[in-house]
Amino acid sequence: MEKNQYTPIVIESLIFGKNSDYPLYLKSGDNFILYRSKALIFSQSDALRLKNNGVDKLYIETKDKEKYDNDMLEHIEYIIKSPDYNFEEKAVKIYMYSKIYAEYVITTGNLKDNRENVKKSIETTIEYLLMSESAFMNLLNLSSYDYNEVGHGMNVSIYSMALANRLGFSNKISLYEIGFAGLTHDIGKLKIPKEILSKNNLSTKEIEEIKMHPIYSKEILMTNGIDNINIINGVLEHHEASNGTGYPFGKMEEDISTYGKIIIIANRFDSLTRNRPYRIKLDVDDALNAMEKNYELYNAAFLREFIIL
């Protein structure tokens, strides 16, 4: 008899007050224990009790993941339009739902299985950013500044879309492409050994290997059927510099795409404001001052608009 497979889900992603279309499980050691049968309501007080007992994840049977994903897509669409959530609450929900799919994509490199969910989460973030000038700050305040690839990818995506919007990119397709490129720009690091990525004193050979990650990111995207030239350029160029000192190609500003120029700024800002294995984070003002001092690395007009954000 084939053993059931289980998939972890974040408790806050469940829709409170809704009859579940699938059973929920707790994990105890290597065993999965039924917590809620199908069709029973999961409430906010249930979530609070679990949290108070140190439980932050429940599990569903893997065969039910499609039902769970459909629930998520419907709920995130409801949140953005619903008067039941204030503007700040919408930001919390959107960020949390987006993080669920970002984590899967960034840690596995598998875009095929969750492409529609990632697309919807980015589109919902765009809708939110276009609702108010305060939207960017609400999302910025939710960002985690401890170093991890998932938070970094999400933040670069959000910063890139916010800057593009500031620059007059009103076309939602363009905003989506920029957001997607920002989210996946570092996915190529999956091809680099973790011990190199977390190491302080790198050899010349190890540094050169890390500098290959934009090319590896392109390869992973192409393997997943993503060949949009705007997205590919944004991903490939996120470590280039306007004065030609960047990598992997050492392009000058006139040869860097518009998406690349945007993501270079977003990537650098988020890197400066997070704790890294080799550097303590800067606060927002110090990070922006550091970028201004090294203005020759960036498109001047784009950097000016980013600082105004």
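Where is the place of Pro248?

Guide: In this predicted model, Pro248 is placed in the loop between helix H11 (229–236) and helix H12 (258–272). The peptide bond that joins Tyr247 to Pro248 is cis, with an omega of about 10 degrees.

Beyond this loop comes helix H12 (258–272), and Ser271 has its place in that helix. With a relative accessibility of 8%, Ser271 counts as buried, because the limit for that class is under 20%. A polar atom of the Ser271 side chain lies 2.9 Å from the backbone oxygen of Asn267. When residues up to four places away in sequence are not counted, Ser271 touches His152, Arg276 and Arg279.

The next topic is a pair of helices. Two packed helices are described by the angle between their axes and by the distance between those axes. For helix H13 (residues 284–293) and helix H14 (residues 300–308), the packing angle is about 165 degrees, and the axes are 11 Å apart. H13 is therefore roughly antiparallel to H14, since angles over 145 degrees fall in that class. The crossing in which H13 passes H14 is left-handed. On the H13 side, the contact is made by Leu288, Met291 and Glu292; H14 contributes Leu303, Phe306 and Ile307. Sorted by class, this contact of H13 with H14 has five nonpolar residues, one charged residue and no polar residues.

Notes
Residues are numbered from 1 along each chain as its sequence is written. This is a predicted model: local features need pLDDT of at least 70, side-chain atom pairs count only at pLDDT 80 or more; totals for chains, interfaces and linings use all residues. Side-chain values use heavy atoms; hydrogens and water are left out. Helices (H or I, at least four residues) and strands (E, at least two) are DSSP runs, numbered from the N terminus. Buried means under 20% relative accessible area, exposed over 50%, partly exposed in between (1.4 Å probe, protein chains only). A polar contact is a pair of N or O atoms within 3.5 Å; within protein, one must be able to donate a hydrogen and the other to accept it, and residues adjacent in sequence count only if both atoms are side-chain atoms. Contact means heavy atoms within 4.5 Å. Axes are lines fitted to C-alpha atoms, for helices over the stretch in contact, and angles run from 0 to 180 degrees between N-to-C directions. Angles under 35 degrees count as roughly parallel, over 145 as roughly antiparallel, 65 to 115 as roughly perpendicular and the rest as oblique. A crossing is left-handed if the near helix is turned anticlockwise from the far one by less than a right angle, and right-handed if clockwise. Ala, Val, Leu, Ile, Met, Phe, Trp, Tyr, Cys and Pro count as nonpolar, Asp, Glu, Lys and Arg as charged, and the others, Gly among them, as polar.
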